[in-house]
Amino acid sequence: MEDRRTPLARARGLGSARDGLHHWWVQRLTAVALIPLVAWFAVSLVMLSGADHMAVRAWIGSPVVMVLLILTIVIGLHHGQLGMQVVIEDYVHGDGWKLALIVAIRFIAFFFGLAAVVAILRIGFGG
Amino acid sequence: MSAANRPVHRPLSPHLQVYRPQLTSVLSILHRATGIALSVGVLYLATWVVYASASPKTYALFQAFNTSILGRLFLAGWLFCMFFHLCNGIRHLFWDAGYGFELKDAYLSGWIVVGVSAAATVVSWIVGLSLA
């Protein structure tokens, strides 16, 4: 997916000089991955909405749920961050603000993602 | 100043105040709005997992909000956003692959998205609560 230009366009040096295609492609890739994950997660969430602490921990700590939940959160954060970047690029016009916000959402996504993964592993491995 | 040089103030397009909302345009902006809501929602989800790894007392504080009327309303709203963004996202993927661009098809798929996401929100509650 690095370069989908036609050979003629490549020879002429046409097309984006930046990484728009990669952004577009990863957004779709994460979207497809999220279709089954999110369907599974939605039903689980309603089931758990009245559950107590022990039941929630037992659910999160089971091996299959651990893997699926990490995938859902990490891919969800990545997809959300890519989408928010587009929203910021469309509606925030000052270059400084634009860059600052895009950097901020990256940091926020990374921080929350790592915190969630550590928490899930802690529950699963009984820390 | 000759007539040709006078600046002409033509309305800019799209001029949202005078532009009649259509299913296609409403669903388009809803896709963004629900996307933003879900981005906040996934942060909340990460927070939930972190609270679950903490002590029962700390988790109880978090769970008190989740089981409140407001918490349930947020969950219902979040689920609708999720199903809408999911269904409309699949619609977008079909467009990306080059299908469904005819006006008739775009309206048909739009109404399907509205119907399925509303139904899925209700069904997820029924299934979730009956399995709980």
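Helix H3 (residues 53–61) and helix H5 (residues 95–124) of chain A pack at an angle of about 100°, with their axes 8 Å apart; H3(A) and H5(A) are therefore roughly perpendicular to each other, a label given to angles of 65 to 115 degrees, while under 35 counts as roughly parallel, over 145 as roughly antiparallel and the rest as oblique. Helices here are DSSP runs of H or I with at least four residues, numbered from the N terminus. Axes are lines fitted to C-alpha atoms, for helices over the stretch in contact, and angles run from 0 to 180 degrees between N-to-C directions.

This is a predicted model, in which local features need pLDDT of at least 70, side-chain atom pairs count only at pLDDT 80 or more, and totals for chains, interfaces and linings use all residues. Residues are numbered from 1 along each chain as its sequence is written, chains are lettered from A in the order in which they are written, and side-chain values use heavy atoms, leaving out hydrogens and water.

Back at the chain A pair, A:Arg57, A:Ile60 and A:Gly61 of H3(A) meet A:Ile120, A:Ile123 and A:Gly124 of H5(A), where contact means heavy atoms within 4.5 Å.

Now let's turn to chain B. Helix H1 (residues 23–52) and helix H2 (residues 56–66) of chain B pack at about 140°, with axes 8 Å apart, and that makes H1(B) oblique to H2(B). On the H1(B) side, the residues in contact include B:Tyr44 and B:Trp48, and on the H2(B) side they include B:Phe62 and B:Phe65.

B:Tyr44 and B:Phe65 also belong to a nonpolar surface patch with B:Ile69, B:Leu70, B:Leu73 and B:Phe74. Helix H3 (residues 69–96) of chain B gives the most to this patch, with four residues.

Finally, A:Arg28 forms a salt bridge (side-chain nitrogen of Lys or Arg within 4 Å of a carboxyl oxygen of Asp or Glu) with B:Asp96. A:Arg28 lies in helix H2 of chain A and B:Asp96 in helix H3 of chain B, so the pair joins two chains.

Definitions and conventions. Patch = residues over 30% accessible without salt bridge, like charges linked within 9 Å, V, L, I, M, F, W, Y side chains within 5 Å. Areas by Shrake-Rupley, 256 points an atom, 1.4 Å probe, with all protein chains shown as cover.
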